[in-house]
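Hi,

Here's the structure I said I'd pass along.

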Amino acid sequence: MVKDNDDEESRHFESVCASYRQYSNFATSQWTNHEYRLQELSESHRNLLPAGLRIDTPEYSKRYKDYKEAVIRNQFFLDCILRHAGQPHSQQQQQQLDGGYITDDSQKVDATTNTVTDDQMSKISSVLKSLVRDWSADGKIERDTAYEPIKTLIKKYLPLNSARTTIPKILVPGSGVGRLAFDLTSLGYSVQGNDFSLYMLLASDFILNNGGSICSHERPLSICPWLLESRNVHKTTDPLRTIQIPDVDPMIILASSSVDEMIMPDFSMAAGDFVSIYSNSSEAGQWDCVASCFFLDACPNIVETLQVIYNMLKPEGLLVNLGPLLYHWSGPPTRPDDNSMQEYRQRYDQLDDRYFTSIDLCYDDIKEILTNIGFQILEEYSGIECHYTADKLSMMNTNYQCVSFVAQKHSKK
Ligand SMILES: C[S@@+](CC[C@H](N)C(=O)[O-])C[C@H]1O[C@@H](n2cnc3c(N)ncnc32)[C@H](O)[C@@H]1O
């Protein structure tokens with residue numbers, strides 16, 4: 001049984017690494033698709049296109065060259081992440097496909113793994129955009145609107161004593177690529193980040209632990225996070241623009257924020273599903289604070305998530321939250337001819353089971369559930385305008401009006 005789980009986990013890990021390696025092939029196939037469509041146009045329509053869209057013109061070649069360079073830039077960054085994780089990168093796979101050989105068995109990759117799903121590629125794109133949100137100067141506005149209110153509330157309700165004799169323990173669930181968890185650590189708290197996405201975890205590990213050897217604030221790497229966006233674009237150059245990663249050197253900041261220079265601040269990442277890890281009895285009553293940002297609605301069962309948070313907190317521990325209620329696992333609509341839940345599920349039998357468990361609760365209902373669990377809301381805000389991995393040059397962006405609250409653990413009535 002344990003072996004099955006291990007096999008499944010290693011298959012999943014390999015498929016995530018394969019998606020990282022396949023970015024360039026996927027992005028190139030997007031260009032090819034675009035080119036097919038141009039070729040399908042009638043000659044009279046083709047003649048109306050700008051030179052940059054007419055194949056065989058120097059302008060078209062220039063566009064292709066610029067696109068290809070951006071693909072290479074992104075693949076290089078993804079390869080750095082793979083290399084840091086000790087995994088074969090895209091060039092090694094290419095060597096195999098070209099009939100080259102790799103002598104070290106551990107470096108061998110499955111050369112037949114040559115296709116990735118759209119879903120996998122959209123996760124790679126999300127990683128690139130999350131890196132902008134968390135680790136670039138361009139992401140500062142998003143961080144200021146989403147992370148600053150959380151940091152301010154934590155400093156207010158959980159102030160550090162100057163001697164740091166007791167350091168509050170904070171968990172950041174759904175920590176993504178890690179900036180909020182890192183920022184709280186650099187303030188002096190003892191912090192654990194948690195995420196179940198290997199896509200995110202590989203990237204956060206790279207940024208937090210490459211120690212400046214591969215990229216640093218002084219020697220950043222460039223990525224083109226919006227390269228695959230073809231809709232709502234103003235100019236051909238918009239998706240090609242580069243963003244520098246990272247904006248700070250995590251190791252240097254952590255070292256300088258330490259009270260005792262011999263002791264690095266306590267910072268860790270826990271990989272896995274939030275409920276599976278923190279519902280463990282060893283976690284009960286261990287935490288001073290849970291700081292959740294754009295996380296609660298990413299869980300399939302928010303009631304269960306809030307209850308796990310309640311149990312893991314110390315008496316009077318705090319849940320500090322900010323986010324929307326988008327409900328990541330919100331299920332597809334039922335149809336009038338669905339005579340039972342079973343029929344409804346059968347229609348969507350290819351969907352992850354979690355889409356059938358989410359209940360899209362409104363904020364008022366969540367507040368009542370918090371009280372029923374044993375929390376008391378100490379402070380709350382609504383209408384906090386936030387973006388999430390937005391492309392500010394795009395014609396389309398989602399503008400969230402988030403809620404934020406501090407809920408304190410009290411004894412159950
Ligand atoms: C919308 S993102 C928010 C990321 C980050 N907090 C931010 O504000 O940028 C939600 C994150 O929660 C993670 N996540 C969702 N469900 C999770 C679960 N059950 N356990 C751990 N992580 C989870 C996802 O992988 C993703 O990184």
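Which residue just after α8 takes a positive phi? That's G211, with a phi of about 65°. Before the rest, some housekeeping: this is a predicted model, where local features need pLDDT of at least 70, side-chain atom pairs count only at pLDDT 80 or more, and totals for chains, interfaces and linings use all residues. Residues are numbered from 1 along each chain as its sequence is written, and side-chain values use heavy atoms, with hydrogens and water left out.

9 of its 12 residues are buried, so α8 is largely enclosed by the rest of the structure; buried means under 20% relative accessible area with a 1.4 Å probe, protein chains only. Among them are Y199, M200, F206 and I207.

Now the domains, whose bounds come from an automatic or database domain assignment: domain 1 is 1-116 and domain 2 is 117-325 + 361-409. Each of them puts 28 residues into the contact (heavy atoms within 4.5 Å). About 2,500 Å² is buried between domain 1 and domain 2, 79% of that from carbon and sulfur atoms; buried area here is the accessible area (1.4 Å probe) that two parts lose on being put together, summed over both. In domain 1, Y20, F77 and H84 lose the most area to domain 2, together 26% of what that side buries.

Cheers

Notes:
Buried < 20%, exposed > 50% of the residue type's maximum accessible area, 1.4 Å probe, protein only. Helix = DSSP H or I, 4+ residues; strand = E, 2+ residues; numbered from the N terminus.
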